[in-house]
Amino acid sequence: MDFAASRPPVVIDNGTGYTKMGFAGNVEPCFTIPTVVALNDTFLNQARPGSTKGSNWLGQHSAGVVADMDFYIGEEALSRSKSSSTYSLSYPIKHGQVDNWDSMERFWQQCIFNYLRCDPEDHYFLMTESPLTAPESREYTGEIMFETFNVPGLYIAVQPVLALAAGYTTAKCEMTGVVVDVGDGATHVVPIADGYVIGSSIKSIPISGKDVTRFIQQLMRERGERIPPEESFEVARKVKEMYCYTCSDIVKEYNKHDKEPTKYIKQWKGTKPKTGASFSCDVGYERFLGPEVFFNPEIYSSEFTTPLPEVIDKCIQSAPIDTRRALYKNIVLSGGSTMFKDFHRRLQRDLKKIVDARVLASDTRLGGELKSQPVEVNVVSRPIQRYAVWFGGSVLASTPEFYTASHTKAEYEECGASICRTNPVFNGMY
């Protein structure tokens, strides 16, 4: 066993909104920070050759070096961009895919050295990726990790597989199920059979956590709440995280709010960042209308109108017929936007209605001669689901199989980045 294998692997789960990072074997990540980089514009402009007339090469070179060092990530990046106009924000991941590799490399650099404070040459790494990522993207990740950070071993895991493995116990690991991963920038419904993703049945929908925030922001703006414009998105996000819940019936919920406004309407108090003056606003219907966009998307978007339970049903129906019962029985939630109160109950109820209606229709068609077996629908909700992907990575990277499944530096040097295109499934898992 080499020296690096005696140290805990580093697990980094890069999401559109937040990045979770820590060491394998822990129950939750050491750090959860926004996936954002603040770059210093003044140095960047000087660093571009030919950007200033008559500028000497040495000046440009040193500006380039400073630009490489002068950047911030996470909360620090957000506060820098607010307090100084010289920093511009770059979001390296959009809709689950890496959009800017330079920013991504800078982001990882700070994650490893400033946050985790570890030497990348001493640890194996487990990175995560969206289920619809192109193989070229894996090659870039491998190139950066092996070339820039000189890591001894790397495993790139598909996020939903890790979310399914988060329910792993030594007694039984159910590696067949549907993962409903609702993140900040992307929502995927991914069927998995025996640890293998059924790629042709993956469904992706354009409504995610960020859309819930935007919808709440829009509702509060239309109602005329006095929120400073530069703070409105942030206030909407906090309202979503603190006050939102999923209701069983939207009409009943409206009536409840109208009958007892004092009980249901909450007050939000904040301070303006520039002047320090305080402001307050009411939080009303958006408490249940926010999460409702997953079940009635037409209230938010006219382009996409298929409710989430229907998408899950279509996903399972397009999977191989012999896996369907097992898939309905194990629908696993993952991602921060599935944390709304009663979200799993509403999802299970709506999905059961669709499935029962289909079973009834097929029985009627057969004239009642044959009775179909009822289909068990089970939506699994766990307290860990916000960090399900990261925790699944922590569990898998703690197993001996992790080291045999990882790509090593020696393999990379021998075969090149193309080895990162395929990642073997852990054989000892089921």
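1. Strand 10 (153-158), helix 6 (159-165) and strand 13 (196-197) each supply at least two residues to the lining of the second largest pocket, and strand 10 gives the largest share, four residues. Helices (H or I, at least four residues) and strands (E, at least two) are DSSP runs, numbered from the N terminus. The model is predicted, so that local features need pLDDT of at least 70 and side-chain atom pairs count only at pLDDT 80 or more, while totals for chains, interfaces and linings use all residues. Residues are numbered from 1 along each chain as its sequence is written, and side-chain values use heavy atoms, with hydrogens and water left out.

2. The second largest pocket has a volume of about 370 Å³, and of the 23 residues that line it, V158, V161, V197, N423 and V425 lie nearest its centre. On a 1 Å grid over the protein atoms alone, a pocket is an open set of points with protein on both sides within 12 Å along at least five of seven lines, a cavity is a set where a 1.4 Å probe fits but cannot get out, and lining residues have an atom within 4 Å of a point. By class, this lining has 16 nonpolar, four polar and three charged residues.

3. The structure holds one cavity of 30 Å³ or more, and the volume of the largest cavity is about 170 Å³. Its lining comprises 17 residues, with V98, T128, E129, S137 and T141 nearest the centre. The elements that give two or more residues to this lining are strand 8 (97-98), helix 4 (101-115), strand 9 (125-129) and helix 5 (135-148). By class, the lining of the largest cavity has six nonpolar, nine polar and two charged residues.

4. The axes of helix 4 and helix 5 come within 11 Å and cross at roughly 45 degrees, which makes helix 4 oblique to helix 5. Angles under 35 degrees count as roughly parallel, over 145 as roughly antiparallel, 65 to 115 as roughly perpendicular and the rest as oblique. In the contact (heavy atoms within 4.5 Å), W101, E105, W108 and I112 of helix 4 meet S137, Y140, T141, I144, M145 and T148 of helix 5.

5. The axes of helix 7 (residues 209-222) and helix 8 (residues 232-243) come within 8 Å and cross at roughly 110 degrees, and the two helices are therefore roughly perpendicular to each other. Among the residues making this contact are V212, I216 and M220 of helix 7 and F233, A236 and V239 of helix 8.

Key:
Axes fitted to C-alpha atoms, helices over the stretch in contact; angles between N-to-C directions. Points joined across faces, edges and corners; volume = space filled by probe spheres on them. Nonpolar A, V, L, I, M, F, W, Y, C, P; charged D, E, K, R; others polar.
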